[in-house]
Amino acid sequence: IIQACDGFLRKPVSRGDLIAELARFLKYTRDEGGAVDASQFDSKPALETLPNEVVNRLPELVQTLKVQQETWERLQDVLIIDDVEAFASGIQKLGQEYGYSPLADWGERLEQQAQMFDMDAIPRTLSTFPEVIENIQTLIRQQ
């Protein structure tokens, strides 16, 4: 009797690889009830709505985010859930530290998607990271 294999995983098995491989063979539906809608977040706040201390620190925040771009590029290629979650948590903390809530919200949304293994939404959210930086740079130019 010849038996074929429909898939395989190499050790060590990551959570993301396991979920992706199982999704190929198991019927599933996504629970949209707990999903976070992107429209709930104001990614472009008006400059006048931000406190002066936040506005003054925006250039420093942009430089800090640009350092994160190498990590972001790697994540887009491999989508390792633990790494996405760590990146998202770090971005969320930066948003809180700098008092810039749209960044904290973006990080929170990405972290929730990673925790829910939402392999459709994670790449879409990750792809907007340069836009997040550009929005901050636009605010800086408006000063």
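User: A salt bridge is a side-chain nitrogen of Lys or Arg within 4 Å of a carboxyl oxygen of Asp or Glu. How many salt bridges does a search of the whole structure find?
Analyst: The search finds three. This is a predicted model, in which local features need pLDDT of at least 70, side-chain atom pairs count only at pLDDT 80 or more, and totals for chains, interfaces and linings use all residues. Residues are numbered from 1 along each chain as its sequence is written, and side-chain values use heavy atoms, leaving out hydrogens and water.

User: Which residue pairs with Arg57?
Analyst: Arg57 pairs with Glu60, and their closest N and O atoms are 3.9 Å apart. Both lie in helix 2, three residues apart, about one turn of the helix. Helices are DSSP runs (H or I, at least four residues), numbered from the N terminus.

User: And what are the other two pairs?
Analyst: Asp83 bridges to Arg74 at 3.3 Å, and Glu134 meets Arg141 at 2.5 Å, N to O.

User: Is Arg141 buried or exposed?
Analyst: Arg141 is exposed, with a relative accessible area of 55%; the cut-offs are under 20% for buried and over 50% for exposed, with partly exposed in between (1.4 Å probe, protein chains only).

User: Changing topic, where is Thr125?
Analyst: Thr125 is in helix 6, residues 121–127, and is buried, with a relative accessible area of 6%.

User: What does Thr125 touch?
Analyst: Leaving aside residues up to four places away in sequence, Thr125 touches Trp106, Arg109, Leu110 and Gln113, where contact means heavy atoms within 4.5 Å.

Terms used
Helix = DSSP H or I, 4+ residues; strand = E, 2+ residues; numbered from the N terminus.
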